[in-house]
Amino acid sequence: MKKYLLFIVLTLVFYKGKAQGSLNYATYGIGISASLNHPYADLKKEYDNKSFAITANYFYTPYVPIGLEFQFGKLSGGGNTVDLDRDLRRYENNYKALILHMDVQLGEVINYERNAFLNIVKNFYAGAGVGGIYNKVDVNRTQAGSNPLYTFPGKDSGVNFIVPLRFGYEFKFYNAYDQPNIRLDIGYQHNLTFGEGLDGYSDPSTEFKNNALDQYRQITV
């Protein structure tokens with residue numbers, strides 16, 4: 001996390017905002033990204049992991065990208081000792097997701113020309129999307145010390161509907177033709193999933209923590 005913050009600060013210090021007064025830009029692009037993710041599921045202990053993505057982008061305007069993203073990574077929580085989970089529940093989800101999202105940058109709605117401050121903030125963006133996440137989960141299904149033996153309900157694999165909420169900042173680097181041919185995004189994405197597939201457990205909320213949507217966040221470059 002400290003490396004991410006240091007990178008953001010250094011880039012902001014040395015980045016010089018540049019007004020884009022014309023529609024001189026490429027309509028299509030491709031991107032790759034790496035994320036530090038963290039799940040918020042039904043277990044008390046959750047871990048940081050990494051995820052990666054490839055995105056095909058269509059730029060409706062220079063400040064409104066629409067992206068089709070293929071994402072893959074790992075989510076995990078719990079453990080094999082009672083201090084990590086009292087019932088020895090644990091999961092490791094090697095997931096894949098396909099997401100369609102759209103962002104709107106401030107440059108689309110403000111007049112930033114001849115204003116140094118607005119010329120910098122024009123690249124802040126917010127967005128949302130829809131998609132599906134395929135969960136492939138390795139879990140412990142047997143409750144520790146239960147008599148008779150209790151098996152935790154849930155599925156080891158399946159697809160859930162997903163809604164990502166996104167915001168961040170984009171640095172544009174221009175070529176000799178005054179086109180932003182390289183774009184560096186630093187963002188936060190919070191993914192809401194609908195279903196119980198993220199951690200593989202669908203325990204009754206009367207006995208276990210299970211009273212909110214499974215979700216995970218990502219800090220992405």
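A: Start with a definition. Ala, Val, Leu, Ile, Met, Phe, Trp, Tyr, Cys and Pro count as nonpolar, Asp, Glu, Lys and Arg as charged, and the others, Gly among them, as polar. The model is predicted. By that sorting, the lining of the largest pocket holds 17 nonpolar, 14 polar and six charged residues.

The lining has 37 residues. Gly31, Asn57, Glu170, Arg183 and Asp185 lie nearest the centre of the pocket. The volume is about 700 Å³.

Strands supply much to look at here. Strand 1 (28-40), strand 2 (49-61) and strand 3 (64-78) are among those that each give at least two lining residues. Strand 7 gives the most, with eight.

Now turn to the rings. The whole structure has 10 aromatic pairs. In one of them, Phe52 and Phe72 have ring centres 6.0 Å apart and planes at 35 degrees. Planes under 30 degrees apart count as stacked and over 60 as edge-to-face, so this pair is tilted. Phe52 is in strand 2 and Phe72 in strand 3, 20 residues apart. Phe52 is partly exposed, at 38% relative accessible area. Phe72 is partly exposed too, at 36%. Ring pairs link Phe52, Phe70 and Phe72 into a cluster.

Phe161 and Phe194 form a tilted pair, 5.8 Å centre to centre with 45 degrees between the planes. Phe161 lies in strand 6 and Phe194 in strand 7, so the pair ties together parts 33 residues apart in sequence.

Charges meet rings as well. Arg89 lies over the face of Phe152, 5.7 Å from the ring centre. The charged end of Lys122 sits over the ring of Tyr112, 5.3 Å from its centre.

Conventions: Residues are numbered from 1 along each chain as its sequence is written. This is a predicted model: local features need pLDDT of at least 70, side-chain atom pairs count only at pLDDT 80 or more; totals for chains, interfaces and linings use all residues. Side-chain values use heavy atoms; hydrogens and water are left out. On a 1 Å grid over the protein atoms alone, a cavity is a set of points where a 1.4 Å probe fits but cannot get out, and a pocket is an open set with protein on both sides within 12 Å along at least five of seven lines; lining residues have an atom within 4 Å of a point. Grid points are joined across faces, edges and corners, and a volume is the space filled by probe spheres set on the points. Helices (H or I, at least four residues) and strands (E, at least two) are DSSP runs, numbered from the N terminus. Rings of Phe, Tyr and Trp (its six-membered ring) pair if their centres lie within 6.5 Å; planes under 30 degrees apart count as stacked, over 60 as edge-to-face and the rest as tilted. Buried means under 20% relative accessible area, exposed over 50%, partly exposed in between (1.4 Å probe, protein chains only). A charge sits over a ring if NZ of Lys or CZ of Arg is within 6 Å of the ring centre and within 35 degrees of the ring normal.
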